[in-house]
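Trainee: Take me through this model one question at a time, please.

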Amino acid sequence: MSTERGPSPTRDETDPRLRAGVLERLLDATPGGLLPGSLKALYDGGLSIETPRCYGNFVSSVDGVVAVEARRDSGAIISGRNQADRFVMGLLRAFADAVLVGAGTVRAEGKGARWTPEFVYPAAAADFGALRRQLGLTPTPRLVILTRSGDLDPERPAIQAGPIIMAPDAAAGRLRRTMPAACEVIPMGDDDRVDLGRVIERLRAQGYRRLLSEGGPTTFGALLRDHLVDELFLTVSPVLAGRDPAADRLGLVEHAIFVAGRFPALALMSVRRSGSHLFLRYGLR
């Protein structure tokens, strides 16, 4: 299920909020790192993400809905295509060695979707590039796709760019015959689900130290269930979506239930705002 919020509209270049700064810092208990160019002004302060780290980024309604009726643009519907949300999404991608998504998220997105900083917020492309050089990273983060079935379209630009694809052995065998040569297909055993602990271990062994999870909520739920998430960046959009058993609306965490009294505990690290949108950073205890 999709968490992508769509490309930035062309008006970003002239929006007066871009010149004045996108975010307002309300609380920040983290050591702020140096951000190049306009990024510090847009974020209203510095940002650092330690290594190794697995961190998630989502936008949700006030009542916790992150995806609406399998709509390709459901994240954009929830966020209202908020400029600051797109900027933060790009900034968090700029810090990542790799962006981790489930195959359902890839299928739900438009065929032209790319999981790069500049795709979602092109106005800051040069500064995102400068940040990655400052951090000693490759020009763009590596896309990592998790799939059980191997149902992926090899013609999509994101696939043509050569992501890492992790799948059970049988699906991996099929993918090696159908995916572009640039893809790195990694078999993950004969189980019908991909073991996320092994995924994280394998990626870190290959040098991918900062891992950004962008979806979907089922993948994020599995990461939480296996105690693999270090931080959560959550945009709370000032809308109420509502939920109904008959509706295909997903919350932030799906297919993972925690024992009452033993819920994963979060420590609030920072709060920013843009209008009535809130940008929260949590550490998982």
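**Helix, sheet and surface**

Trainee: Which residues of helix α11 are buried?
Mentor: The model is predicted, so local features need pLDDT of at least 70 and side-chain atom pairs pLDDT 80 or more, while totals for chains, interfaces and linings use all residues. Residues are numbered from 1 along each chain as its sequence is written, and side-chain values use heavy atoms, without hydrogens or water. Helices (H or I, at least four residues) and strands (E, at least two) are DSSP runs numbered from the N terminus, and buried means under 20% relative accessible area, exposed over 50%, partly exposed in between, with a 1.4 Å probe and protein chains only. In α11 the buried ones are Pro217, Thr219, Phe220, Gly221, Ala222, Leu223 and Leu224.

Trainee: Why is α11 described as largely enclosed?
Mentor: Helix α11 covers residues 217-225 and is followed by His227, with a positive phi near 60 degrees. The rest of the structure largely encloses α11 because the count of buried residues is seven of the nine.

Trainee: How many residues of β4 are buried?
Mentor: From strand β4, Ala98, Leu100 and Gly102 point one way, and Val99 and Val101 the other. Side chains in a regular strand alternate between the two faces of the sheet. The rest of the structure largely encloses β4, because the buried residues number five of the five.

Trainee: Which residue in β8 is the bridge partner of Leu100?
Mentor: Strand β4 (residues 98-102) has parallel pairing with β5 over five bridges, where Val101 stands opposite Ile145. With strand β8 (residues 210-215), β4 also pairs in the parallel sense, over four bridges. There, the partner of Leu100 is Ser213.

Trainee: What separates the C-alpha atoms of Arg86 and Val120?
Mentor: Arg86 sits in helix α4 (residues 83-95) and is buried at 0% relative accessible area. Val120 is 34 residues away along the chain, yet the C-alpha separation is 6.0 Å.

Trainee: Is Ser274 buried or exposed?
Mentor: Ser274 belongs to strand β11 (residues 266-274). Beyond its neighbours within four places in sequence, its contacts are Val22, Leu23, Asn82, Ala84 and Phe279. At 10% relative accessibility, Ser274 is buried.

Trainee: What is the relative accessible area of Leu27?
Mentor: Leu27 is in strand β1 (residues 24-28). The residue is partly exposed, with a relative accessible area of 37%.

Notes: Pairing = 2+ DSSP bridges. Contact = heavy atoms within 4.5 Å.
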